[in-house]
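Please examine the structure shown below before reading the questions.

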Amino acid sequence: MDQIAIIPLKLNWFQKQRLKRVIYKNLDRHLYCLGDMKSTYHVNAFLHKLPEFSFFDTKLNVISQMVLNRNIEILGMWANVGPHGSRVSSHNHLRDDYSDYVASDLFKSRGICGAFYLNKPKSSGNFIANNNIVNVNQDDLVLFYPHLVHETEINKSHKDRIVISFNGLLY
């Protein structure tokens, strides 16, 4: 994988509704989320450990095997819900500007990050990596390395953009 990989990850209507129910129950503010965006990050950054997310973890590893010939051990998983006017500010996953978090050497060398666009209405904005706009669609999984500086465009639609994100280790 170069800097970024975009792979379609299809979920059926029932699976999507199941994930959305859990996400909307666990939302709060997150410091990298701008506008009225909410996140599960501070409430529950371990969505992958919930039974409702078990099938999603399995699908991630099927895709990881196909694309990277490796599995992903999820370390943390959260979701961001961004209404009109919201966006995620520029950051990477090696350090946190708002806390003392610094990534471990293991995560720096074998880390992988992802963003799955569970709900992406028209005009809801794209992923930006190293100041380049990366066009993504609903049901796209974006895989990237932890050092990649990324953010999102402003959501100009009047519907929520829902993105499930994770940090993991390749093995």
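Predicted model: local features only at pLDDT ≥ 70, side-chain atom pairs only at ≥ 80, totals over all residues.

Q: Which strands are the edge strands of the open sheet of 6 strands?
A: The strands of this open sheet follow the order E1-E9-E6-E11-E4-E3, with antiparallel pairing. An edge strand of this sheet pairs on one side only. The edge strands are E1 (4-8) and E3 (38-39).

Q: Which residue in E4 is the bridge partner of Ser39?
A: Strand E3 pairs with strand E4 (residues 72-82) in the antiparallel sense, over 2 bridges. Within this pairing, Ser39 has its bridge partner in E4, namely Asn80.

Q: What angle does the direction of H2 make with that of E4?
A: Helix H2 packs on the sheet and touches E1, E4, E6 (111-119), E9 (140-144) and E11 (161-170). Its direction and that of E4 make an angle of about 115 degrees.

Q: Is Val62 buried, partly exposed or exposed?
A: Val62 is found in helix H2, which spans residues 54-68. Together with Met66 and Val67, Val62 makes a nonpolar surface patch of about 280 Å². Buried means under 20% relative accessible area and exposed means over 50%. Because its relative accessible area is 47%, Val62 is partly exposed.

Technical notes: Residues numbered from 1 in each chain as written. Heavy atoms only, no water. Patch = residues over 30% accessible without salt bridge, like charges linked within 9 Å, V, L, I, M, F, W, Y side chains within 5 Å. Areas by Shrake-Rupley, 256 points an atom, 1.4 Å probe, with all protein chains shown as cover. Salt bridge = Lys/Arg side-chain N within 4 Å of Asp/Glu carboxyl O. Helix = DSSP H or I, 4+ residues; strand = E, 2+ residues; numbered from the N terminus. Buried < 20%, exposed > 50% of the residue type's maximum accessible area, 1.4 Å probe, protein only. Pairing = 2+ DSSP bridges. Contact = heavy atoms within 4.5 Å. Axes fitted to C-alpha atoms, helices over the stretch in contact; angles between N-to-C directions.
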